Amino acid sequence: MLEKNIKTPLYEQIEIELKRLINDGKYKQGTLIASESELGREFGASRITIRRAVSDLVDQGYLVKKQGKGTFVQANIVERNLLHLGSYSNFMKNSGKHPSVQIVKLQEIASTDKIAELLNIFPGEPVINLKRLVKFNKAVSGLESAYYSSNKFPKLREKITPDISMTSLLSTQYGYKELGSNQLLSYVPATSELAQYMNKVPGDPLFKLRRQVMDKEVIYVTFNYYDASTTNFAITSGNQRKE
């Protein structure tokens, strides 16, 4: 139900509700949504307001308009093999897609107990936290939040640019090669910060993949977040190329 006595415009409230319906599966990917007049009756809003909300969701990549047919939920599903998980950006490139990468945070901080344990360092030691938003269209995105020991990788912060491959950087500049990783996949609600980065609503379902990347020792740890409505994880056996 729309709230007319709050600051959030009606069209934004409708956008939020339509995103929820998509994420909850009422509007499944690739299916036709209700017409503007039907949505107007459902939400008690004018066609102009409905049209603005639908247009914004088309711009964001959630919906697609097909001439003479109507408006459909965008069918964008990323499927990843649980047995061969690498970085999100490398996976996208190997899939023939060309993601854009935006650095949203790059800072040196004191390691928490949790991060220190994962990096096998002492709590409080300095670490570089790199947060990158990786997208291949406006609706499907992933957020990588990685932690690197400042003592192990001196001057790393100065070497990081939006288009650089961290795997290549750590190999060529510091001599570390990724030989494997310990991984933990979980299902979490989007925090306010994650929702803002990923154009979601707080509480929306996300996959969280923790990767502890190894050489002969721990190189770095990263937390990758994926939109659960546009990402599938599968188990594929046999000879598969690592993503």
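**Rings and a pocket**

Student: Phe-223: buried or exposed?
Tutor: This is a predicted model. In it, Phe-223 counts as buried, at 6% relative accessibility.

Student: And Tyr-147, buried or exposed?
Tutor: Buried too, with a relative accessible area of 13%.

Student: How many aromatic pairs are there in the whole structure?
Tutor: A search finds six. Tyr-147 and Phe-223 form an edge-to-face pair, 6.1 Å centre to centre with 85° between the planes. The pair links distant parts of the chain, 76 residues apart. Tyr-147 is in strand E6 and Phe-223 in strand E9.

Student: Why is the pair of Phe-153 and Tyr-174 edge-to-face?
Tutor: Their planes stand at 85°, so the pair is edge-to-face; the cut-off is over 60 degrees. The ring centres are 5.1 Å apart.

Student: Where do Phe-153 and Tyr-174 lie?
Tutor: Phe-153 is in the loop between E6 and helix H6, and Tyr-174 is in helix H7, so the pair ties together parts 21 residues apart in sequence. Phe-153 is buried at 1% relative accessibility. Tyr-174 is buried at 18%.

Student: Which residues do ring pairs link into a cluster?
Tutor: Tyr-148, Phe-153, Tyr-174, Tyr-176 and Tyr-220.

Student: New topic. What volume does the second largest pocket have?
Tutor: About 150 Å³. Its lining includes Tyr-147 and Phe-223. E6 gives the largest share of that lining, three residues.

Student: How many of the lining residues are charged?
Tutor: Four, alongside six nonpolar and two polar. Among the lining residues are Lys-114, Lys-131 and Glu-193.

Student: Last one: which charged end sits over the ring of Tyr-11?
Tutor: That of Arg-52, 3.9 Å from the ring centre. The charged end of Lys-66 sits over the ring of Phe-72, 4.6 Å from its centre.

Terms used. Residues numbered from 1 in each chain as written. Predicted model: local features only at pLDDT ≥ 70, side-chain atom pairs only at ≥ 80, totals over all residues. Heavy atoms only, no water. 1 Å grid on protein atoms, 1.4 Å probe; cavity = no way out; pocket = protein on both sides within 12 Å on 5 of 7 lines; lining within 4 Å. Points joined across faces, edges and corners; volume = space filled by probe spheres on them. Helix = DSSP H or I, 4+ residues; strand = E, 2+ residues; numbered from the N terminus. Nonpolar A, V, L, I, M, F, W, Y, C, P; charged D, E, K, R; others polar. Phe/Tyr/Trp six-rings, centres within 6.5 Å; stacked < 30°, edge-to-face > 60°. Buried < 20%, exposed > 50% of the residue type's maximum accessible area, 1.4 Å probe, protein only. Lys NZ or Arg CZ within 6 Å of the ring centre and 35° of its normal.
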